[in-house]
Amino acid sequence: MKLADLLTPGRMIIPTSHRDFSHALAALLSRLEESGAVEGPRDGEDPLFDQILRGSESEIVALGNGIVVVAVQTPRVEELVLGLAVGSVPFEGIQSLEAISGAETVVSPQVMLLLMTPRGLKGLRQQAFPALKRTMRERERRDRLRSVQSVSQLRAFSEFMDLELFETLQVSDASDPLVYRVYPDTPMSEVLDLMARRGVTALPVVGEKHEVLGMITAGEALRYLLPRRRAGRGEASGEQNPDSGTSEEEVKARDVMSRSVMCVAEDQDLLDAANLMVNRDVAQLPVIREGEIVGFLSRDAALRRLLGRGRDK
């Protein structure tokens, strides 16, 4: 997507009358909310400006002398949103925000680009930031961007507005949320019942902190069930397992689950995860966040998302 598609007139303030960087940022956030690009805070939620001041899921990146990017991860946008503010003179007060965000030193910022994404910032770091830095590498371009004093002047700046801005797709963009899980002590009779009633093809076996301990797929379930059916024992509880001597009710999820589970992180590159599924010939992968399982990524969902068909509703 080109910057010209993202930077519509309702998402720019050129020039801004605010001299203070924080005030200019707050004004740009308000403009984006007014345009409908950004959802306003619900009751009890903090304004996005406060979130940025706390350094929560936000980052400040310098694109060279006088140009700065403020990147924010927030569920209040549905897709990548870009806003821009240009001051008549360099902004003041950037140092306090630098200290909070851990930003590199920004010299005399006069142009502010505000990037907002529903995803993590990793995708922006991988593609969007480098693309912007490459475009602004030349001093002549930086000077021209700092000198624009109207929306029409900016839109005429083709070297900037024609930039293709990509954001790396992440596993979370295609994964389905976790619905069912079982625990090591869950009886296999309950596991089989859940899989049959709900049409579940894979159940994670989790610990107390929802960390993945193992997985029971339809394959594991069949390997468990077939010897019992062949022995004519059916599903009757209390009968003896011919292999272990234990009753059916004593067989737990831990006894059947596969302990070797390949997982992907929700902020991992979707292309990398799809490549992993192809190379390892797996239909789906558990998705984890800080060690906790949060969903599944399937091959068909990854395919649809990579083709730009969106996620299932």
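**Strand 5 and its surroundings**

Biologist: Strand 4 (residues 81–87) and strand 5 run antiparallel and share six bridges. What makes these two strands a pair?

Modeller: This is a predicted model, and the rule asks for at least two bridges between two strands. Strand 4 and strand 5 have six bridges, so they count as paired. One of the contributing positions is V86, whose bridge partner in strand 5 is V111.

Biologist: How do you know that strand 3 (residues 67–73) also pairs with strand 5, and in which sense?

Modeller: Seven bridges link strand 3 with strand 5; since at least two are required, the two strands pair. Their sense is parallel, and V69 stands opposite L113 of strand 5. In general, strands of a sheet pair through backbone hydrogen bonds, in either a parallel or an antiparallel manner.

Biologist: What is the order of the five strands in the open sheet?

Modeller: The order is 1-4-5-3-2, with mixed pairing. Strand 1 (12–16) and strand 2 (58–62) are the edge strands, as each pairs on one side only. On average, neighbouring strands are turned by 15 degrees against each other, direction ignored. Strand 1 runs parallel to strand 4 and is joined to it by three bridges; M12 has L84 of strand 4 as its bridge partner.

Biologist: Which helix lies across strand 1, strand 3, strand 4 and strand 5?

Modeller: Helix 2 (residues 21–35) does, running at about 45 degrees to strand 5. Helix 6 (residues 139–147) packs on the sheet as well, where it touches strand 3, strand 4 and strand 5, and its direction makes about 75 degrees with that of strand 3.

Biologist: Why is T117 called buried?

Modeller: The relative accessible area of T117 is 0%, and buried means under 20%, so the name applies. T117 belongs to strand 5 (residues 111–117), where seven of seven residues are buried. Both faces are covered: V111, L113, L115 and T117 are buried on one side, and M112, L114 and M116 on the other.

Biologist: Which residues does T117 touch, leaving aside those up to four places away in sequence?

Modeller: T117 touches V72, Q73, T74, V77, L80, L124 and E167.

Biologist: Why is the meeting of the E138 and R141 side chains called a salt bridge?

Modeller: The N to O distance is 3.9 Å, and the limit is 4 Å, so the pair qualifies. The structure holds twelve salt bridges. E138, at 43% relative accessible area, is partly exposed, and so is R141, at 24%.

Biologist: What makes R289 and E266 a salt bridge?

Modeller: The side chains of R289 and E266 meet at 2.6 Å, N to O. R289 lies in strand 10 (residues 284–289) and E266 in the loop between strand 9 (264–265) and helix 12 (270–280), so parts 23 residues apart in sequence are tied together. As the limit is 4 Å, the pair therefore counts as a salt bridge.

Technical notes. Residues numbered from 1 in each chain as written. Predicted model: local features only at pLDDT ≥ 70, side-chain atom pairs only at ≥ 80, totals over all residues. Heavy atoms only, no water. Helix = DSSP H or I, 4+ residues; strand = E, 2+ residues; numbered from the N terminus. Buried < 20%, exposed > 50% of the residue type's maximum accessible area, 1.4 Å probe, protein only. Contact = heavy atoms within 4.5 Å. Axes fitted to C-alpha atoms, helices over the stretch in contact; angles between N-to-C directions.
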